[in-house]
Amino acid sequence: MTKSLVRLENIITGMVRVPAIVASGILFLLMFLTVGGVVMRRVLGSPITGMQEYSEVCQLVVIFLFLAYSGWTGGQIAVELIGSVLKGLTYRIVCSITSIASAGLMATISWQTFRQGTEVGKLGVTFNMSQIPHEPLYYFAAAGCALYAFVLIITASRLVLGLPEFPKQ
Amino acid sequence: MTHLTLGFLGILALFILLALRMPVGLAMALVGFLGTGLAGSWNAAYANLGTEPIVIATRFELVIIPLFVFMGNLATVSGMSRDLYQAAYAWFGHWRGGLASATIAACACFAALSGSSVASALTMGRVALPEMEKCGYHPRLATGCVAAGGTLGILIPPSTAFVIYAMLTEESIGRLFIAGILPGLLLTVLFMCTISIMTAISPDLGPPGERMSMMERIRLTRGAGAMVGIVITTIGGIYTGLFTATEAAGVGAFLSLLLALVRRKVTPRILLEVLLQTGRTTVMVFVILIGAHLFSPFLAITNLPAFLVESLTKSSLPDLVLVALIMVMFIVLGTFLEGFAILVLSLPIVFPIMTSLGYNPIWFGVVMVILLEMGMISPPVGINVFVVKGIAADVPMSQIFAGIMPFWLAMIVCVVILFMFPQIATYLPNTMFN
């Protein structure tokens with residue numbers, strides 16, 4: 001049981017860490033893109049066409065690639081009030097219920113974002129300057145939300161099984 | 001059920017979900033979604049869920065968040081905090097309580113590189129607390145000044161709290177950043193005065209250190225020169241209009257990276273950890289912002305903010321009493337809610353009230369951030385206190401809170417001064433754009 005849990009934990013850690021590492025690279029790129037934009041505009045007098053849109057796309061990718069990693073490493077702010085009132089199993093069950101509710105919400109967001117993506121795809125919406133299509137970005141966000149929903153379900157299971165909410169990083 | 005009742009029930013549901021430990025952003029999103037569905041239409045509620053996350057994630061002004069967080073994290077790993085501390089110590093160390101004053105001054109400088117109070121308290125605490133312990137400082141003063149000094153992180157630009165405030169109120173991020181400078185300096189001076197008063201009453205709290213020669217002072221100050229250069233470039237760039245706040249964040253992060261590389265403080269492994277930490281913090285802020293933007297339409301449908309504004313402005317209470325009550329509410333909320341949570345929960349309701357009373361939104365942003373800072377050091381959940389406790393594990397919580405109290409009072413004095421002289425917050429942004 002413990003062995004399979006450890007294996008599952010490692011698999012999930014990999015599943016959320018790999019996208020986070022990719023997102024780190026994009027974040028790094030975003031910094032250079034911003035500096036490059038300033039240099040091109042201020043120093044060389046030749047602004048990068050669609051620079052703002054490239055930054056927006058980078059930001060979206062960074063956020064949704066990091067979303068599940070943030071959830072898996074306890075990166076979300078929660079108010080610690082019930083911890084002083086409820087203890088043991090009751091506390092863990094309450095926390096797992098809120099985790100499942102959160103997972104339900106994220107799954108719904110994922111579904112709706114995917115649906116909006118198909119609508120946007122039909123209309124052929126793109127960014128004005130760079131002509132980057134919006135559709136894949138919606139699918140990307142949907143995938144990020146779905147992965148986070150999965151992480152939240154695992155977190156709920158961990159709580160019910162009496163394991164720490166977040167695995168040791 | 002009227003929309004207004006639904007609005008009140010929504011607020012109640014939100015507090016229940018928060019109390020049940022649901023992440024703040026997700027709790028707001030859930031209540032916003034269900035509330036919009038019940039009060040408006042389910043089609044609208046589903047459409048909001050499918051579009052708002054994308055809309056928020058692609059807002060160009062918000063690129064400032066990952067870049068400034070990256071800059072702050074780089075400043076933390078590259079040992080800038082120690083240089084700042086040594087430079088401040090060279091100038092203030094020989095005063096009674098001088099090490100504590102140096103901590104406050106270094107916190108203020110570090111705040112100009114980092115937009116997070118927790119990061120400021122943690123970074124400066126690791127450097128300053130062992131030094132103060134070595135010099136025989138009372139733990140009450142040592143821990144109190146680190147916790148309080150850390151709060152300057154979200155007042156002195158860059159500040160994550162200002163970015164969130166700007167997004168929720170549609171104010172300019174650049175103007176808010178510039179507005180935070182003078183109040184930040186004022187609070188720094190007030191904290192230093194507090195230390196002087198404390199050590200004048202009880203000299204044992206913080207004995208004076210050795211006086212350094214002018215040459216030594218200049219040498220140590222020069223060590224912190226690069227950081228000062230980064231701060232002047234970023235904040236000065238925003239003020240002079242050389243670049244936007246977002247561009248300033250990119251430039252600041254780039255310069256911090258260069259500095260860290262020159263000092264050989266960054267290996268690929270450390271850089272990856274810094275980037276992962278940056279991403280984690282960025283997502284935390286974005287989830288809250290997305291939640292707030294899903295919650296706002298629900299409040300608008302229920303007409304709750306308008307109802308509260310009308311009720312309060314028509315009440316016989318003088319404006320000043322009304323504002324004082326709002327301030328007290330923030331202080332009370334700060335005792336059990338996290339700062340960002342207070343910001344996103346209260347702004348949709350409080351901001352219209354303040355603007356309808358004729359208060360300047362930029363000024364209010366500054367005051368609100370100071371009130372949030374007070375929450376960060378208020379019992380029982382003052383996050384900075386736990387950060388300090390993490391570093392000084394042997395100091396009892398009661399002693400840390402006792403040490404914080406005088407600084408907390410200094411913050412009240414700062415708010416009162418800002419009420420009397422609102423120009424302290426509004427002068428710089430006005431000169432910047434007029």
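This is a predicted model: local features need pLDDT of at least 70, side-chain atom pairs count only at pLDDT 80 or more; totals for chains, interfaces and linings use all residues.
Begin by selecting Ser24(A), which lies in helix H1 of chain A, spanning residues 2–43. With a relative accessible area of 2%, Ser24(A) is buried, and if residues up to four places away in sequence are set aside, Ser24(A) touches Phe66(A) together with Leu272(B), Leu275(B) and Leu276(B).

Next, select Leu105(A) in helix H3 of chain A, which covers residues 88–123. This leucine is likewise buried, its relative accessible area being 3%, and, leaving aside neighbours within four places in sequence, Leu105(A) is in contact with Leu26(B), Ala29(B), Leu30(B) and Leu49(B).

Now display helices H2 (residues 51–72) and H4 (residues 135–160) of chain A together, which pack at an angle of about 10° with their axes 8 Å apart. At that angle, H2(A) is roughly parallel to H4(A), because angles under 35 degrees count as such. To see the contact itself, pick residues of H2(A) including Leu60(A), Phe64(A), Ala68(A) and Trp72(A), and residues of H4(A) including Phe140(A), Gly144(A), Tyr148(A) and Arg158(A). The residues of this contact divide into 16 nonpolar, two polar and one charged.

Move to chain B and select helix H8, residues 139–150, whose 12 residues reach 16 Å from the first C-alpha to the last, close to the 16 Å expected at 1.5 Å a residue. H8(B) is mostly covered, with 10 of its 12 residues buried; among them are Leu141(B), Cys145(B), Val146(B) and Gly150(B). Around H8(B), show helices H6 (98–111), H7 (117–134), H11 (181–201), H20 (383–391) and H21 (397–420) of chain B, against which its buried residues pack.

The last stops concern aromatic rings, for which the count comes to 19 aromatic pairs over all chains. Select Phe8(B) and Phe307(B), an edge-to-face pair at 6.3 Å centre to centre with 90° between the planes. The pair links helix H1 (residues 3–19) of chain B, which holds Phe8(B), to helix H16 (residues 304–314) of chain B, which holds Phe307(B), across 299 residues. Phe8(B) is partly exposed at a relative accessible area of 42%, and Phe307(B) is partly exposed at 35%.

Then select Tyr359(B) and Phe419(B), which also form an edge-to-face pair, with 6.3 Å centre to centre and 80° between the planes. Here Tyr359(B) sits in the loop between helices H18 (339–356) and H19 (361–376) of chain B, while Phe419(B) belongs to helix H21 of chain B, 60 residues apart. Finish with Phe28(A), Phe32(A), Phe70(B) and Phe254(B), which form one aromatic cluster.

Terms used:
Residues are numbered from 1 along each chain as its sequence is written. Chains are lettered from A and ligands numbered from 1 in the order in which they are written. Side-chain values use heavy atoms; hydrogens and water are left out. Helices (H or I, at least four residues) and strands (E, at least two) are DSSP runs, numbered from the N terminus. Buried means under 20% relative accessible area, exposed over 50%, partly exposed in between (1.4 Å probe, protein chains only). Contact means heavy atoms within 4.5 Å. The expected span of a helix is 1.5 Å times one less than its number of residues. Axes are lines fitted to C-alpha atoms, for helices over the stretch in contact, and angles run from 0 to 180 degrees between N-to-C directions. Angles under 35 degrees count as roughly parallel, over 145 as roughly antiparallel, 65 to 115 as roughly perpendicular and the rest as oblique. Ala, Val, Leu, Ile, Met, Phe, Trp, Tyr, Cys and Pro count as nonpolar, Asp, Glu, Lys and Arg as charged, and the others, Gly among them, as polar. Rings of Phe, Tyr and Trp (its six-membered ring) pair if their centres lie within 6.5 Å; planes under 30 degrees apart count as stacked, over 60 as edge-to-face and the rest as tilted.
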